[in-house]
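Here is a quick tour of a protein model, meant to be read with the structure open beside you. We start with a helix pair, then move on to a sheet and a pocket.

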Amino acid sequence: MGKKLKYGIIGCGGIAEGKFFPAIKALGDVDITAYCDIIQTRAEKANAGYSEGKAKVFTDYRDLLKEDLDAVCVLTPNNSHCEITVAALNRGIHVMCEKPMAMNYAEAKAMLDASVKNKKLLTIGYQNRYRPDSLFLKAECDKGTLGEIYYAKATALRRRAVPTWGVFLDVEKQGGGPLIDIGTHALDLTLFMMNNYEPVYAVGTVYHKLNKEKNTGNVWGDWNTKEFTAEDSAFGFVVMKNGATISLESSWALNTTREREAVTTLCGTKGGADMPKQGELIINGCKNGRLFNMTPMIQPNEVAFFSGDAESPSVKEARTFRDAIRGKGKLYVLPEQAMVVTRILDGIYKSAKTGKPFYFDKE
């Protein structure tokens, strides 16, 4: 196994508690030796819970980066992803940054450039790629089962599930609402399946239709209408260099019963695929003059002492990053790919602001 890797965590909030801490702990050969959060008690709580109080605690990420670390996880609001990631890479530290990569394309490119310049790994937290249904579909796409994929729909629709904690509602700190928060997962999944990262132009619309409502039925309680400055829903249409088109729909609050999140629909020359919801997959086509639907058993039948996949997507993500650091594997989410996701989101927001198509070659 060799010596344990030393990680630093920058940002000890909900995404750290819900995803990163349990995943890193499951690896067994990684020590979190430094925690940083602008709220000191939050970092201290994480230290006590996951490092038995033996790690160092900081409130300034610059101090944490002075430690002897193999990697850091950047789990802060979107507006600080670029600054912290570039600083860590320049210190010679590998980085796992939570999604989205950055607030905009310029920041994402600066992060990629720092990774290349310093020859250090950079990956982004798109854990939906590691779901069993995603892994199955990616294998089929790579085999050519669907043929040339020329139309796709990336979907992340919530009816009333607006995150009311942290800074999610603050457009200045997050860069946007559901489009940059959950739409980014759906778009990443779609581009990855298509293996298509060359956008020509994007058309977008952004709505603030429900964010001033009260008595909302929101699953996390009513939102603060004064704090809700991000959009409540956003939609985009993207044309790729090879002529393929992608429709992107995202919402935290939308009057719909078709709630689906981080899923994709793909239409190709030989077949198609649809994710009715996470964990479900239907592949369609035509054989022997007959249309068919194929539904793979994504989750194995329940047996004694075991049900479902043995390793969660977040643990797979953490393991892949660790193996890449050790030189025993490659990154599954490349920064070049994540940069294009951010670039398209940025283009959709810019189109919505101007009311005109945004052409990427004019950046």
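## Two helices side by side

Tyr105, Ala108, Lys109 and Leu112 from H5 touch Pro335, Glu336, Met339, Thr342, Arg343 and Asp346 from H10 (contact means heavy atoms within 4.5 Å; helices are DSSP runs of H or I with at least four residues, strands runs of E with at least two, numbered from the N terminus). That contact splits into five nonpolar, one polar and four charged residues (Asp, Glu, Lys and Arg count as charged; Ala, Val, Leu, Ile, Met, Phe, Trp, Tyr, Cys and Pro as nonpolar; the others, Gly among them, as polar).

Keep in mind that this is a predicted model: local features need pLDDT of at least 70, side-chain atom pairs count only at pLDDT 80 or more, and totals for chains, interfaces and linings use all residues. Residues are numbered from 1 along each chain as its sequence is written, and side-chain values use heavy atoms, with hydrogens and water left out.

## The sheet

Six strands make an open sheet, ordered E3-E2-E1-E4-E5-E6, with parallel pairing (two strands pair if DSSP finds at least two bridges between them). Strand E3 (56-58) and strand E6 (122-125) sit at the edges with a single partner strand each, so one side of each has no neighbour in the sheet.

Further in, E1 (residues 5-10) and E4 (residues 71-74) run parallel and are joined by four bridges. Ile9 has Cys73 as its bridge partner in E4.

## What lines the pocket

The lining of the largest pocket divides into 19 nonpolar, 16 polar and 12 charged residues (a pocket is an open set of points on a 1 Å grid over the protein atoms alone, where a 1.4 Å probe fits, with protein on both sides within 12 Å along at least five of seven lines; lining residues have an atom within 4 Å of a point).
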